[in-house]
Amino acid sequence: MIEAGRSAVLPSLEARLAELEQVASVLEEPAPVRAERLRAVAAYVESYLDGVEDRPVYQFDPEHDAAPPSLRFSEQAQPLAQVLDTYAGHVDASGANIVSPRFFGFIPSGGLYSSALGDFLAAATNRYAGAKFSAPGLTRLERSVVRWFADLAGYPEGAEGDLTSGGSVAALSAIVAAREAHGLRARDFERAVVYVSPLSHHTILKALRVAGLTEAVVREVPIDAAYRMDAGALERAVTADHGAGLAPWLVIATAGTTDMGSIDPLPLIADICARNHLWMHVDGAYGGAFLLSETGRPRLAGVERSDSFVVDPHKGLFLPFGCGVVIVRDGQRLLDAFHARGPYMQDFKHVFPVDDRSAADVSPELSRPFRGLRVWLPLKLFGVATFRAALEEKLLLARYFHEQVQRLDGVEVGPPPDLSVVTFRFLPARGDANELNRRLVDALRNDGRIFLSSTSLRGTYLLRFAVLGFNTHRDDVDLALEVLAHKAGELRRRA
Ligand SMILES: *Cc1c(COP(=O)(O)O)cnc(C)c1O
């Protein structure tokens, strides 16, 4: 026990501590304050969700990037009501309204409320998910969530995985694991060949760059009329590269391309990878969750033969943004890529001498949010069957849209959808089709009842209709068809 009061400086130190404590202890919000704040935030959310159908699906930003002074911090505290007003007025009032059932752009995300509650629960109790030592229960839950995804993909025991912030980091982890598994070192990079398709997601190239592999040869394998990688062309390219003294290494197969929703021929690609000792990566960021659906599952056959697999629960499981999953078939590869420890972690082994395997051992991150709960809670609350049905519904809605949109005047439609993206465009009586469709997308955004985005393939501007909202149903698709008929009719008449 240290006796206080001996030093001459102590009285002033004590006074200063008391003063600081008084100011700083405001951070310890007492129960009534917590309850009041929770009520106010919940009321805000309710009013947002309540009005979600009435709000335009896209709202233009009235502020043109000028940051209003109210966004800045000040030394003084502000009441929550005022802060929420600032948030509503300057932050939350513009852009795409993703939780709208009529958001059909890009790849729609969800925003399941119970998942948000999982985040709240995880953050408010703030246990540490990075290390098993700190929270063995959290580690157990996350490992069982990861195992569920591994089972979904048909991976064997021994697979390991990580819950990431999204598909980008998940792909990065898989690529680093593939690099280490093949023992690639800097001197090998210029000879290493990666096979992609023109529809591979741009974040794959970004992950290669972040993984230090900018020098690797990236071979673009052509796609067929159904927008799927041409497996014959892949095999010929691999053979030619072997012949040229290069080192074929990695094939990126996409199970649900973002542009078209197409699925690359996974079984054929798996055969080619097996014959040539290539690492097969399946990017199922968008499409992977359709393994849960009756119609989607057989279309994704072959994924079980891949070496690594990515799925984004913040897309296909309708969760709010912030959740991807990477699974590596031979889990040791993921551990080899990411396992690292510091001396300040030496106590872990004293509590778990046999297996202290932690999330941080398979991830580029150390400290990270407890992502497992945002996945686990909704799956527990609704049951897997609900997700199966919702995903099946989205596939059928896309098929329905594909059938119906063809009946509109002047429509040219893409192939029947592999998943839940339909591509199409309107043809003008005369003039430039690209221009017509570009103007249509602008007109739809201005109208605000539905939101669609576009892509282009070999110079052709294509409209995309992507269905993935948990709250998107038949009525919403009918409304989209009606709005499209009306707006496209107007533009075509004026052309
Ligand atoms: C969305 C997407 C990604 C990127 O995932 P993020 O979660 O946005 O980082 C990668 N691949 C495909 C096919 C995607 O649709």
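I started with a strand pair: S8 (residues 308-311) and S9 (residues 324-328) run antiparallel and are joined by 4 bridges. Ser308 stands opposite Val328 in S9. This is a predicted model, with pLDDT of at least 70 needed for local features and 80 or more for side-chain atom pairs, while totals for chains, interfaces and linings use all residues. Residues are numbered from 1 along each chain as its sequence is written, and side-chain values use heavy atoms, leaving out hydrogens and water.

My terms come next. Helices (H or I, at least four residues) and strands (E, at least two) are DSSP runs, numbered from the N terminus. Two strands pair if DSSP finds at least two bridges between them.

**First sheet**

I traced the sheet that holds S8 and S9. It is open, has 7 strands in the order S3-S9-S8-S7-S6-S4-S5, and its pairing is mixed. Strand S3 (160-164) and strand S5 (217-220) are at the edges with a single partner strand each, so one side of each has no neighbour in the sheet. From one strand to the next the twist averages 20°. For angles, axes are lines fitted to C-alpha atoms (for helices, over the stretch in contact), and values run from 0 to 180 degrees between N-to-C directions.

Then I looked for helices on this sheet. Helix H8 (residues 231-243) packs on it, touching strand S4 (192-196), S5 and strand S6 (247-254). The direction of H8 makes about 170° with that of S4. Contact here means heavy atoms within 4.5 Å. Helix H9 (residues 266-276) lies across S6 and strand S7 (279-284), at about 155° to S7.

**Ligand**

I listed the shell next. Of 14 residues around the ligand, Gly167, Ser168, Asp283, Asp312 and Lys315 come nearest; a residue counts as near if one of its heavy atoms lies within 4 Å. Helix H6 (167-181) and helix H11 (313-316) each supply at least two residues of this shell.

An oxygen atom of the ligand is 2.5 Å from a side-chain N or O atom of Asp312. For His314, a side-chain N or O atom is 2.8 Å from a ligand oxygen. A polar side-chain atom of Thr258 also lies 2.8 Å from an oxygen atom of the ligand. Taken alone the ligand exposes 380 Å², and the protein buries 86% of that (Shrake-Rupley method, 1.4 Å probe).

I moved on to an open sheet of 4 strands, antiparallel, in the order S10-S11-S13-S12. Strand S10 (411-413) and strand S12 (453-457) are its edges, each with a single partner strand, so one side of each lacks a neighbour in the sheet. The twist averages 40° from one strand to the next. I found 5 bridges between S12 and strand S13 (residues 460-466). Thr455 has Leu462 in S13 as its bridge partner.

Helix H16 (residues 433-447) packs on this sheet, touching strand S11 (421-426), S12 and S13, at about 35° to S13. Helix H17 (residues 474-494) touches S11 and S13, at about 20° to S11.

How values were computed. Polar contact = N/O pair within 3.5 Å; in protein donor to acceptor, adjacent residues only side chain to side chain.
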